[in-house]
Amino acid sequence: MRVHNFSAGPAALPLPVLEQARDELLDWQGGASVMEISHRSRAFIAVAEQAEADLRELLAIPPGYRVLFMQGGATAQFAAVPLNLAEPGAPAAYVNTGHWSERAIKEARRFVSVGIAADEATSGYSTVPEPAALKPAPNSAYLHYTPNETIGGVEFPYVPDTGGVPLVADMSSTILSRPLDVGRFGIIYAGAQKNIGPSGITVVMVRDELLGRARDGTPMVFDYRAVADAGSMLNTPPTFGWYFAGLVFKWLKREGGLAAMAKRNRAKADALYAAIDASAFYSNPVTPHCRSWMNVPFRLAKPELEKAFLAESDNAGLTNLAGHRAVGGMRASIYNAMPMEGVAALVEFMREFERRYG
Ligand code: PMP
């Protein structure tokens, strides 16, 4: 039996895609699985190219961008970005809106001189900076930000205007949740394990002019120019993840693309936040205009009931609702693959739990 899985990542994947992968597992195109053939075979190259073409269509990626399929997760990109875009010790601007920004900043400090363009630590990471407050020093190699903080549940409702400084975004937990103006960005990267597919593959979109700038000593597998020139096949890529991502992109197209996803995701998030706000028993600390559509953290007015909440929701087939170990509480991650029925079931459970314990 499948549960409603609210995991933050690796996260629930679309059921029709899982079923297709299962059906094709032993015999994909002639007696072997997609995992058992060469990445250089004509059949696999077709898979890889189709996945990229579908992603380009979904996101309406304008000409002048390369799409790379890399490894090492978003965490590898925390290092790859400074290695590719800045000389050692050069200035780079970072926006700090929570846990994942902090992690990106910590890694970047090993390679560049980090200037904090805006810091939401003082707000307890409950909001995002005002657009006008985001002013990178003009000599910054780039400005890095985290459009959706997976743990804090804070999401930017706008794309920063950097005044010509290349904009770099860690979109791990928001990519493909809604339409995106890719042309505003120098680099977008995202680990796959939320809205794209299984963990192990990382999608990176790079504006052409940012290729070929990697500093001396950059490992080949992190050099965007080298990866792009090799069609993301400098070495053996995670073929199953790439194939699976391609199935997810096809599913998204069948479901109506990102405009349809945005409508659905907005309705899901609205329903859950409305339930939280309607009750003094539950609370979400994030300023309403920047509440995440994908990750909804919430707390109980009686924290001593958290254990019971998690045990009973799990029993009811609503799984993985524990908040990140760094912050505790509860968190419902409601990525593209979570249907409205899952959110409705959670809301119903929350009401019922409050009736019994409130
Ligand atoms: N950035 C964000 C926003 C994330 O949510 C995560 C993982 N949850 C990471 C970075 C780290 O990703 P990975 O484990 O793929 O390196």
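Modeller: Let's start at Ser113. If you skip its neighbours within four places in sequence, Ser113 is in contact with Gly89, Ala90, Pro91 and Ala92, contact meaning heavy atoms within 4.5 Å. Before going on, a word on the ground rules: this is a predicted model, where local features need pLDDT of at least 70 and side-chain atom pairs count only at pLDDT 80 or more, while totals for chains, interfaces and linings use all residues. Residues are numbered from 1 along each chain as its sequence is written, and side-chain values use heavy atoms, with hydrogens and water left out.

Ser113 sits in strand E4 (residues 113-119); helices (H or I, at least four residues) and strands (E, at least two) are DSSP runs, numbered from the N terminus. With a relative accessible area of 38%, Ser113 is partly exposed. On that scale, buried means under 20%, exposed over 50%, and partly exposed in between (1.4 Å probe, protein chains only).

Asn96 is buried, its relative accessible area being 7%. Again leaving out neighbours within four places, Asn96 is in contact with Ser101, Glu102, Ile105, Ala118, Asp119, Glu120, Ala121 and Tyr125.

Now step back to the whole chain. The protein is divided into domain 1 (15-254) and domain 2 (256-357), with bounds that come from an automatic or database domain assignment. Their C-alpha centres lie 27 Å apart, and 26 residues of domain 1 are in contact with 26 residues of domain 2. The size of an interface is often given as the accessible area lost when the parts come together. Here about 2,100 Å² is buried between domain 1 and domain 2, with carbon and sulfur atoms giving 58% of it (accessible area by a 1.4 Å probe, lost when the two parts are put together and summed over both).

What holds charges or polar groups across that boundary? The count is 15 residue pairs in polar contact between domain 1 and domain 2, both residues at pLDDT 80 or more. A polar contact is a pair of N or O atoms within 3.5 Å; within protein, one must be able to donate a hydrogen and the other to accept it, and residues adjacent in sequence count only if both atoms are side-chain atoms. Salt bridges across the interface come to 0, the rule being a side-chain nitrogen of Lys or Arg within 4 Å of a carboxyl oxygen of Asp or Glu. On the side of domain 1 that touches domain 2, helix H2 (42-59), strand E7 (154-155) and H6 each supply at least two residues. H6 gives the most to that side, with 4 residues.

Helix H6 spans residues 239-254, and the largest nonpolar core has 56 residues, of which Leu59, Ile175, Leu176, Ile196, Met205 and Phe249 touch the most other members. H6 gives the most to this core, with 9 residues. The core draws at least three residues from each of domain 1 and domain 2. A second, separate core of 31 residues includes Tyr273, Leu305, Leu321 and Met338. For either core, the set is buried Ala, Val, Leu, Ile, Met, Phe, Trp, Tyr and Cys residues joined through side-chain atoms within 4.5 Å.

Last stop, the charged pairs: 17 salt bridges in the model. One of them joins the side chains of Arg178 and Glu155 (2.9 Å, N to O). Arg178 lies in the loop between strand E8 (167-170) and strand E9 (187-191) and Glu155 in strand E7, so the pair ties together parts that are 23 residues apart in sequence. Arg178 is partly exposed at 22%, whereas Glu155 is buried at 4%.

Arg266 forms another with Asp270, the closest N and O atoms being 3.6 Å apart. These two are 4 residues apart in helix H7 (residues 257-277), so about one helical turn separates them. Arg266 is partly exposed at 45%, and Asp270 is partly exposed at 42%.
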